[in-house]
Amino acid sequence: MPEKIRLGIIGAGKISEVLHIPNAYLSEYVQLVAISDKSEERLDFFRKKLNDEKIHFYTEYSELLEKENIDAVVVALPNFLHAKASLDALKMGKHVLVEKPMATNSEQALQMVQTAKQRGKILMTNHSQRFFPHHQRAKEIIESGMIGEVRLVKTMFGHSGPENWSPNAAWFFQKDSAMFGALGDLGVHKVDLIRYLTGLEIVECAAMVGTLEKDASVEDIASAVLRLSNGGLATLDANWITKGLEENYFVIYGEKGALKIGQTDPSKIDIYLSKPVVFHGEIVLKPLFTNEDPYWKMPVIDHFAKVCLGIEKPIVKPEDGMMAVKVVEKIFESSKVGGTVKING
Ligand SMILES: NC(=O)c1ccc[n+]([C@@H]2O[C@H](COP(=O)([O-])OP(=O)(O)OC[C@H]3O[C@@H](n4cnc5c(N)ncnc54)[C@H](O)[C@@H]3O)[C@@H](O)[C@H]2O)c1
């Protein structure tokens with residue numbers, strides 16, 4: 001029997017339902033011991049669904065942190081609570097897996113990074129797109145040099161809005177609880193993925209955002225042009241106005257060829273090479289959908305547990321979560337000032 005981490009879940013909303021809780025049961029490195037949510041209704045839902053006497057339920061996460069003998073927590077709350085709950089848990093000596101965006105500003109994110117370092121605890125942001133098999137394969141291909149130096153990235157994540165995802169989505173539309181709209185909800189994934197897949201930093205941005213359809217104090221549409229640290233460019237679209245199937249693609253045009261993920265068919269990575277021979281390769285994987293899929297079998301929790309136990313090195317470092325928040329902040333700044341904005345690491 002492998003060693004297990006004892007885990008508490010803070011926030012039993014939709015992402016905990018489809019990702020964290022089922023995958024905690026699937027991992028042989030995790031013992032789920034407690035769940036907290038301020039909604040009694042959500043706790044009842046899980047009492048019935050899990051029917052597991054070993055799990056304790058709390059409406060106050062502070063009580064969970066005080067009473068339970070746990071090693072780690074998942075923080076899956078509305079965005080404005082990510083920093084506070086993560087800091088509370090880190091200060092009580094717990095490892096933390098926090099949902100994206102890691103915080104609602106980069107100062108809070110820095111405080112979280114520093115606190116985790118001081119306390120010697122693991123702090124990971126759930127940049128779940130890093131764990132998609134497509135993206136893992138694409139990273140290997142890019143690192144092998146097959147498509148050469150990255151010149152241009154085109155990426156988009158759009159769907160019809162959080163109201164079609166979570167039954168309690170009202171907070172997603174309010175600036176005081178979410179801070180960012182589609183950009184913080186969806187764009188932050190692709191900002192992170194640009195850094196992860198290309199291995200390049202984002203050094204400058206020019207952007208526009210708007211609110212077209214939702215009754216919201218945050219944006220439901222955002223487009224940005226980003227300059228990469230090698231001089232290449234990236235264009236990023238994030239929105240909640242995409243009808244029908246979600247758009248969730250990442251295309252890289254390199255010096256020797258192009259690699260397309262989720263653009264022509266959600267189950268494929270397409271590779272087009274023009275040098276030294278013309279080549280079109282396809283790698284077929286399980287379809288790449290998130291919000292269309294009722295149950296995400298992704299190894300985030302399993303990996304987090306192995307990192308806590310010292311078995312694996314983190315796929316998402318604390319600074320990665322912080323950089324994603326910083327770039328999102330700068331994209332907003334650019335849209336406000338109506339010009340390009342530099343981004344320093
Ligand atoms: N990584 C991903 O791929 C991914 C996907 C979806 C959502 N998320 C993120 O996960 C987080 C949660 O999103 P969701 O879709 O589950 O939202 P949700 O609204 O379904 O769930 C949030 C839950 O937090 C609870 N809550 C609110 N305040 C609380 C408090 N003080 N103490 C305890 N519980 C409290 C609510 O009752 C609700 O059940 C968000 O930050 C979102 O951006 C990440």
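How many residues surround the ligand, and which are the closest? In this predicted model, the ligand is surrounded by 25 residues. Gly13, Lys14, Ile15, Glu99 and Ser166 are the closest of them.

Now look at where the shell around the ligand comes from. Helix 1, which covers residues 14-26, gives the most to this shell, with three residues. By class, the shell holds eight nonpolar, ten polar and seven charged residues.

The next step is to look at the protein as a whole. It is divided into domain 1 (5-128 + 296-315) and domain 2 (129-292 + 324-342). Each of these two domains supplies at least three residues to the shell around the ligand. The C-alpha centres of domain 1 and domain 2 lie 25 Å apart. Where the domains meet, 20 residues of domain 1 are in contact with 22 residues of domain 2. On the domain 1 side of this meeting place, eleven residues are nonpolar, seven are polar and two are charged.

Six of them form an open sheet with parallel pairing, and their order is 3-2-1-4-5-6. Why is one side of strand 3 and of strand 6 left without a neighbour in the sheet? Strand 3 (56-58) and strand 6 (123-125) stand at the edges and have a single partner strand each, so one side of each has no neighbour there. From one strand to the next, the twist averages 20°.

For a detail inside the sheet, follow strand 4 (residues 72-75) and strand 5 (residues 95-98), which run parallel and are joined by four bridges. Here Val73 has Val96 of strand 5 as its bridge partner.

Notes:
Residues numbered from 1 in each chain as written. Predicted model: local features only at pLDDT ≥ 70, side-chain atom pairs only at ≥ 80, totals over all residues. Near = placed C-beta within 6 Å. Helix = DSSP H or I, 4+ residues; strand = E, 2+ residues; numbered from the N terminus. Nonpolar A, V, L, I, M, F, W, Y, C, P; charged D, E, K, R; others polar. Domains from an automatic or database assignment. Contact = placed C-beta atoms within 7 Å. Pairing = 2+ DSSP bridges. Axes fitted to C-alpha atoms, helices over the stretch in contact; angles between N-to-C directions.
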